[in-house]
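User: I would like to go through this model by asking, for each label, what value lies behind it. Please set the value against the criterion each time.

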Amino acid sequence: MTREHWGSRLGFILAAAGSAVGLGNVWKFPYLVGQNGGAAFVVTYLVLVLTIGATGMLAEMAIGRAAQKNPVGAFAVLKGGLWPVTGYLGVICGFLILGFYSVIGGWTIAYTVKMVDGTLTAPGLDFAAIFSGFVADPLEPLVYHAVFMALTVGVVLKGVSAGIERWNKILMPTLLVLLVVLIGRAVTLDGAMAGVEFYLKPDFSKINADVVLAALSQAFFSLSIGMGAMITYGSYLTRDQNLPRSTVMVIGLDTGVAILAGLIVMPAVFAFGVTPGAGPGLTFITLPGVFQQMPGGTVFGAGFFLLLLFAALTSSVSLLEVPVAYLIDELKVSRRTAVLVLGGIAFLIGIPSSLSLGIWADFKVFGLPFLDLLDFITSKLIMPVGGLLMCLFAGWVVWPVMRREATNDGSVPFALLPVWNWLLKVVAPAAIAWILIQGLIG
Ligand code: PFF
């Protein structure tokens with residue numbers, strides 16, 4: 001069977017950006033900013049994205065296109081030995097992330113519904129209480145989790161270009177427009193300027209090992225790197241794509257959306273007197289308040305959560321595609337069987353994730369509730385370690401292949417080639433190792 005490929009160059013960029021832009025930008029980034037000292041975190045994050053993030057993203061795309069395989073198969077055909085272990089780590093990681101991502105994805109469906117049915121629009125509501133009541137409910141979030149997983153399964157069943165590519169083209173631009181409109185409202189709220197300052201004026205004394213590790217793991221999570229998603233998407237690429245340029249575009253879009261999302265949430269946090277460090281509910285607690293204070297807020301609110309749902313879907317689809325591609329390539333399973341079985345198991349993993357915010361909150365493993373545990377294992381352990389291994393692999397083991405991929409056999413100039421090589425071989429691995437050691441043990 002010939003391998004499926006993207007329908008166009010733009011199709012790949014939008015799909016890769018669709019994978020990167022998701023809940024990580026709108027749900028996770030703002031609350032991490034709030035928990036980790038504001039602008040100092042933002043600056044740390046940007047530095048890490050532009051160095052380690054860009055290095056890793058280009059490496060993954062190049063590995064994937066060179067091998068034309070899922071992450072496990074890619075390391076096997078390019079080198080073999082123990083290297084495919086890196087691919088297995090990624091396959092498992094994609095699966096574990098999906099197990100909680102789908103729960104949060106379900107929240108976006110719930111909030112779309114709640115905007116429309118009036119739950120979030122009556123005057124004088126306590127949005128923090130509404131949020132904690134909702135996530136702690138033993139049943140309601142699970143129903144939405146099931147719907148979100150079913151949607152993900154539906155798209156991945158359709159395959160690469162018909163399913164994944166088509167939607168991204170329409171939805172990504174619409175989301176950007178809506179974000180800009182919402183910033184206009186958020187920054188003009190009474191008291192919003194304190195939030196703008198918190199967000200944009202760095203106090204560098206806030207930076208410590210925990211903050212740097214949080215920024216590093218968020219860079220991996222947000223860019224969808226370190227677990228083979230970009231290897232998988234790169235494997236559906238043909239030779240004419242300019243990979244360094246694609247990297248710049250995907251990183252630009254992803255970082256742009258995160259920064260815009262923060263510029264909505266942070267001013268609202270201060271205007272409404274919410275604690276910046278309130279945690280994973282931050283976006284869901286503050287945004288309904290913003291909608292309430294704008295004309296046509298119900299429509300904007302419902303539209304916003306709907307678009308966030310689509311952004312989340314284009315990411316969850318890439319999460320599921322990683323293990324699915326592995327099963328199809330390596331175990332010769334049909335796409336249909338692979339998608340249904342893996343989607344089913346990921347749904348089951350989501351159940352304890354969701355319940356860990358309510359009735360199972362006291363059940364902890366290594367001191368963490370189940371959802372936090374999955375988040376910790378994936379973004380603070382597997383992705384940085386996976387990224388470190390991929391950089392070493394690209395820089396030391398298959399550098400001639402990487403050079404060929406990044407320059408399309410020498411036909412497109414890539415001035416930063418020597419810098420990239422040095423980042424791959426030394427700077428990125430050393431920095432990741434140091435940040436992990438300081439943040440986890442130090
Ligand atoms: N990048 C996605 C987000 O920011 O929401 C999450 C994600 C998708 C992580 C795909 C990893 C991945 F492979």
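Analyst: We can begin with S224, which sits in the loop between α10 and α11 (229–234). The model is a predicted one, and every value below is computed from it.

User: Why is S224 called buried?

Analyst: The criterion asks for 20 or more other C-beta atoms within 10 Å. S224 has 31 C-beta neighbours inside 10 Å, and therefore counts as buried.

User: What else is noted about the backbone of S224?

Analyst: Phi of S224 is near 55°, a positive value in a residue other than glycine. For context, most residues other than glycine have a negative phi.

User: Which residues come nearest to the ligand?

Analyst: Of the 16 residues around the ligand, those that come nearest are G22, G24, S224, A229 and S315. The elements that give two or more residues to this shell are α1 (9–20), α2 (23–35), α5 (84–116), α10 (209–223) and α14 (297–331).

User: What makes up the shell around the ligand by class?

Analyst: The shell has nine polar residues, seven nonpolar ones and no charged ones. Gly counts as polar in this scheme.

User: Where is Q68, and why is Q68 called partly exposed?

Analyst: Q68 lies in the loop between α3 (39–67) and α4 (71–78). The label partly exposed is for residues between the two limits, 20 or more for buried and 12 or fewer for exposed; Q68 has 17 other C-beta atoms within 10 Å and is therefore partly exposed. Phi of Q68, too, is near 55°, a positive value in a residue other than glycine.

User: What label does H5 get, and on what count?

Analyst: H5, found in the segment before α1, has 15 other C-beta atoms within 10 Å, so H5 is partly exposed. Not counting residues up to four places away in sequence, H5 touches Y236, L237 and T238. As for R185, 180 residues apart from H5 along the chain, the C-alpha atoms of the two are separated by 41 Å.

User: How do you know that A110 is buried?

Analyst: A110 is in helix α5 and has 24 C-beta neighbours inside 10 Å; since the limit is 20 or more, A110 counts as buried. Leaving aside its neighbours within four places in sequence, A110 is in contact with F134, E140, P141 and Y144. A110 and H145, 35 residues apart in sequence, are 9.4 Å apart in space, C-alpha to C-alpha.

User: What makes helix α13 mostly covered?

Analyst: Helix α13 (residues 282–292) has nine buried residues of its 11; these are L282, T283, F284, I285, T286, L287, P288, V290 and F291.

User: How do α13 and α14 pack, and which residues make the contact?

Analyst: The two helices pack at an angle of about 145°, with their axes 8 Å apart. The contact is made by P288, F291 and Q292 of α13 together with G297, T298, F300 and G301 of α14, and these residues divide into three nonpolar, four polar and no charged.

User: Which residues have the most contacts inside the largest nonpolar core?

Analyst: The largest nonpolar core has 158 residues, and those with the most contacts inside it are A62 and A394. Helix α14 gives the most to this core, with 19 residues. A62 touches G234, L243, A394, M402, E405 and A406, not counting residues up to four places away in sequence.

User: Why is the chain called as compact as a globular protein of its length?

Analyst: The secondary structure of the chain comes to 18 helices and two strands. Its radius of gyration is 21 Å, close to the 22 Å that the globule rule gives for 442 residues, so the chain is as compact as a globular protein of that length. Along its principal axes the C-alpha trace spans about 60 × 50 × 40 Å, and 55% of the 442 residues count as buried. Among contacts with a separation of 6 or more, residues 24 or more positions apart account for 84%.

Key. Residues are numbered from 1 along each chain as its sequence is written. This is a predicted model: local features need pLDDT of at least 70, side-chain atom pairs count only at pLDDT 80 or more; totals for chains, interfaces and linings use all residues. A residue is near a molecule or strand if its C-beta atom, placed from the backbone, lies within 6 Å of it. Helices (H or I, at least four residues) and strands (E, at least two) are DSSP runs, numbered from the N terminus. The radius of gyration is taken over C-alpha atoms; the globule rule is 2.2 Å times the number of residues to the power 0.38. Two residues are in contact if their C-beta atoms, placed from the backbone, lie within 7 Å. A nonpolar core is a set of buried Ala, Val, Leu, Ile, Met, Phe, Trp, Tyr and Cys residues joined through C-beta atoms within 7 Å. Axes are lines fitted to C-alpha atoms, for helices over the stretch in contact, and angles run from 0 to 180 degrees between N-to-C directions.
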